Amino acid sequence: MALFKHKRMEAGKPLREDTTGLMDVPFLLLVVLLTLIGLLMLFSASYARANWEKQGDSAYYFRRQVYFAVGGLAAMLLAGRVSYFIWYRSALLVLSVSIGLLALVPLIGVEVNGAKRWLKLGVLFQPSELVKVGMIFAFAAMMSAWQHKMDTFRYGVLPYAAILALVAGLLYLERHLSATMIIFLIGAVMMLLGGTKKRWLFFGAMIGVAFLTIYIMKKGYAGGRFSAWLDPEADQLDTGYQIIQSKYAIGSGGLLGLGLGRSRQKYLYLPEEVNDYIFAIVCEELGFVGAVGILLLFALLVLRGYWIAIHARDRFGTLVAGGLTTKLALQVFLNVSVVSGLIPPTGISLPFFSSGGTALLLQLFEMGIVLSVSRWCTNKEISGRSHA
Amino acid sequence: MAKKPKQPLKAPKAVPAYDREKAGHGVLRRTTFIMVFCGILLFIPLFARLFKLMVLEHDQYESRAISNQTRSTTVSADRGTIYDCNMNILASTKTVENVFIDPWEIHNAKEDVDFIAEGLAKILEIDPDTIREKAAKLERRYEIIARKREPEQADAVRSFISENKLTGIHLESDSMRYYPSGSTAAQVIGFTNAENRGGEGLEAYYDEVLQGTAGAVITTKGNYETQMLYSYEKYYNASDGNSLVLTIDTTVQLYLEKNLKAAIEKYDVKNGAFGIMMDVNTGAILGMAIEGSYDPNHYLEIMDLSVLAELDKLSEEMADYSKESEQYKDLAKQYNSLEASARLKQWRNRCVSDGYEPGSTFKTITLAAALEEQAVDLNTTFYCSGAKDYRDRESTLHCWKETGHGYETLPKALQNSCNIAFADIGILLGGSKLYDYINALGLMEKTGVDMAGETTGVFHSREKLMENAQLTTVAFGQSVKPTPIQMVRAISAVVNGGYVLKPYVVSEILDENGTVIQKNGKTVLRQAISAETSKLMCSLIESVVTDGTASNAKLPGFRVGGKTGTSEKLDVYENGVQTKDRIVSFVGIAPMDHPQYICLVALDSPSRETGIYVSGGVMAAPVVRDIFADTLLYLGVQPDYTDVDMSTVNVLMPDVRDQDEESAAALLQAQSLTYTTVGSGEIVSGQIPAPGEQLPGNSKVILYLGAPVPTDEVTVPNLKNLTPDEAKGVMENSGLYLQTKGSYRYYSVVTDQDYAPGETVPRGTTVTVELTDQTALD
């Protein structure tokens, strides 16, 4: 287990007198397990579309995802070995750079599926994903730095509200409602964790709901999605099509599913089956039992993530691990809710499953940071037995 | 805002004393709260939602998903065959092809639409513009260009496609009904429409039986017709339709039609003719013909030449106007309604769907009832002065013979078809009783024959019939209107021992393997009159031919009976004036000792300008006689020549050449022929007529004993209007033989001859003439 051992902290840096433990094994195993299941399901779900779009190259999406998964696992282990304190120090840099990239999107962004949310700098990625991470770093850093002033407006509300407002403004230019929502939710949870007064959070929540209402009522295409969600049968061939096809896939899975690889809806009936709607194919092939099993794995991962946060050595570790875990939990909840028609459709991918190399790489990297936090956990059960 | 976020930038340096203390209690408590919320509570609605969709509503979504993912291709079933009683095919199905285009595909493949349109139009013989119009419907995937084309045309389309490497033109197989014998029994068999469903006749009546069940192949298919890795296919086998075996005998049917057509031509019949031949003991229909007919292979084509001429005239007139003008629209309306009514008329099976005026043939019904009720007997005597007044009857009743029949016994009254005698019989019987028998003989109910569109006849109510005015009219066969099939069945009952039968035309239903799955046969509904009365009626009906108005129906060797009928069509008006149009009919039965076949022939509105008296006895009786002559032997009825004058029957001239006189004489005698000799040799060197020729029995042939045989031809004399004896004398002088058919009475006259006057024929040829009893005016 020497691999996970941190030899020594750099001299003069905080934590130097601390000995390090192992990375949290349950968390690591859950991440690896979900990544492997995700790869397998992506192969199955993308089989028909790859065949159709890439002239018979049925493993096209799978292959790309494998490259990024390998890279992502490496990034995770690397991030796990590095002291997470470097993210304390570079938090505002990361946030500034990611906001800067986000601001570039309206100028030199790349359009995919009719939405301009991507940047191509070597690889294709969504700056909004980076902003989420940068924001978690920055919020955690500020909240731990100003932990005794969190009950004031100036240190407990204003900086975060300002950052959120700036990011929301940039995301509005992208028409990226789902990212805005996730960022606000993560921000709210972090402010809650960090100690912002509840009345301010309540006030913020009211503003958020008001904005959301206005947005849904004003925006044509989101409005169309909204009515399609309420009554997908009304326009089966157009706005309701995706919801209905997704329900066909989920519903026909039944208790035990059609069997791995035997989905029928993936034969180009269900749009976005490789990306946001991959969970519908999971349901169709693995059934209720399989789908619940995978959700349980996610739930365990989320629980373990918070468990690590609670046992973190310091407040920054708690907030970073808590923020990243919250991000994961929200992504899973919102994705499955959309796919199963619980909430109106909006573009949110499923971590570890949806196609998208950079997203997977970033996700695994984030898991690495949580693992890094776990190495300095105070709890003996984590670091105790194999303590160096 | 620019300032505030900047402050934390310095924070790490400004706060060197980074608090490495574990996060405080408040943070941990809040994190625990979030942990429970995000790690447990958030997942509960997801589980619930999935449980609802995947377990509770699974069946609903599964079936909808399957219908979403499957494609069904129908496998058409072959329609059953229709056979006649000897398993000759009357209707069968052949495979043809439809040609269709996929405008969307053509557009996407950037094919040359004009080239395709011109090429297809040439092969399929259609207008290229209609193809262009259809190809312009870009959103469509299926536009039929031509339906039900023969394999040759389909192959031509296929090679047109492959030679020019075209996409978007497709063929699909279809089936087409085929009627090998064309218009034969067309109204009985009917036809199928473009959708291969029965449109008329048996095709409609037995549509469900003939149709079969289409099969299907259900396959899972990916969207955009992609193949699935794990697909499944399910087959539902098509089961072909059942076949029908009819009681119709094509041979009988063809003779029926031939003789009806000949009669229409001979008597210039204006409104068509119909005939039914039925087995009187079983109700099996051997033939049912309706002229003007049509060809079910092209059932939309109008066969009535006069209607066609009218239609041509209309379309010529239409050409003078623009398509938008009122006149054009009016004419087009006229054209369409004329065409439609002509079609309906030629498809209509008058024998079961329409009533007709039976005239005096109905007297058999009245008489059978009166004999059964013993209201009259054979010795009852009537007096006919030509006209008679009845109580409660406003108009005087006139007999068809203005001078009257005088005193007459019952058999004579029937033979004379005396209206006054039958009015008297009606009164003796009583209206209520007559009504009972009309009813019992099935004239007021549908016969139940297995044919489409049967109707029932028109009769007075019991109360009306009990009034003298109606009773005296109905009794001799006026103001009644049964359908032909009802009339045939009623008279069958009169002669078959009294049994009212259910007529039928389908004897067997076969499944697709040819196994009989249903057999139809004789169905006796009830006995309407006693066997004794029936037997008596048989002898009376036979006497009408031997001694009455139906002598023209005489057929040597066969005991034919029957009753003539002539009736004015009371409900036909032309320009508001009642026409003098008549419907003449004859019901014949043979053989009378054991009645087997009944044949009804009716000619609707023969012309009054041919010089031939318009009556059933003169016109319809010979038709039935000819039908019997053509069919009775074929049907296995043995002729009996014992009591027949052999001179009315043709015999075969034997070959007696190279024989001595003695053996030649024996051969000739065997054929009931006599001879004279010319020359003085021992051996017969020549003979007239030549061997194998037909000539009347009892004729004298000429044997040449060494003398040369004359080879000159002789001219056929004009025999018209000569009596039989006169004609015989003329013919003997010409060196020809005379054969007669019809009424061989001293006062009958020749109305027709098979070799025209002036024609030259070899010596010893037999000329057949039609003898007509011109006094048979009913």
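This is a predicted model: local features need pLDDT of at least 70, side-chain atom pairs count only at pLDDT 80 or more; totals for chains, interfaces and linings use all residues.

Me: How many helices and strands are there in chain A, and what makes a stretch count as one or the other?

Reply: Chain A has 14 helices and three strands. Residues are numbered from 1 along each chain as its sequence is written, with chains lettered from A and ligands numbered from 1 in the order in which they are written.

Me: Why are α3(A) and α6(A) called roughly parallel?

Reply: Helix α3 (residues 85-108) and helix α6 (residues 158-174) of chain A pack at an angle of about 25°, with their axes 9 Å apart. The axes are lines fitted to C-alpha atoms over the stretch in contact, and the angle runs from 0 to 180 degrees between N-to-C directions. Angles under 35 degrees count as roughly parallel; α3(A) and α6(A) are therefore roughly parallel to each other.

Me: What is the make-up by class of the contact of α3(A) with α6(A)?

Reply: That contact has nine nonpolar, no polar and one charged residues. Nonpolar covers Ala, Val, Leu, Ile, Met, Phe, Trp, Tyr, Cys and Pro; charged covers Asp, Glu, Lys and Arg; the others, Gly among them, are polar.

Me: What share of chain A is buried, and what makes a residue buried?

Reply: Of the 388 residues in chain A, 56% are buried. The criterion is 20 or more other C-beta atoms within 10 Å of the residue's own, the C-beta atoms being placed from the backbone.

Me: Which residues touch the most other members of the largest nonpolar core?

Reply: They are A:Ile278 and A:Val320, in a core of 137 residues. Helix α11 (residues 278-310) of chain A gives the largest share, 20 residues. Such a core is a set of buried Ala, Val, Leu, Ile, Met, Phe, Trp, Tyr and Cys residues joined through C-beta atoms within 7 Å. A second, separate core has 134 residues, including B:Tyr435 and B:Leu501.

Me: How many residues of each chain are in contact with the other chain?

Reply: In all, 52 residues of chain B are in contact with 58 residues of chain A. Contact requires C-beta atoms, placed from the backbone, within 7 Å. On the side of chain B that touches chain A, α2(B) gives the most, with 11 residues. By class, that side has 30 nonpolar, 12 polar and 10 charged residues.

Note on methods
Two residues are in contact if their C-beta atoms, placed from the backbone, lie within 7 Å. Helices (H or I, at least four residues) and strands (E, at least two) are DSSP runs, numbered from the N terminus. A residue is buried if 20 or more other C-beta atoms lie within 10 Å of its own, exposed if 12 or fewer, and partly exposed in between; C-beta atoms are placed from the backbone. Angles under 35 degrees count as roughly parallel, over 145 as roughly antiparallel, 65 to 115 as roughly perpendicular and the rest as oblique.
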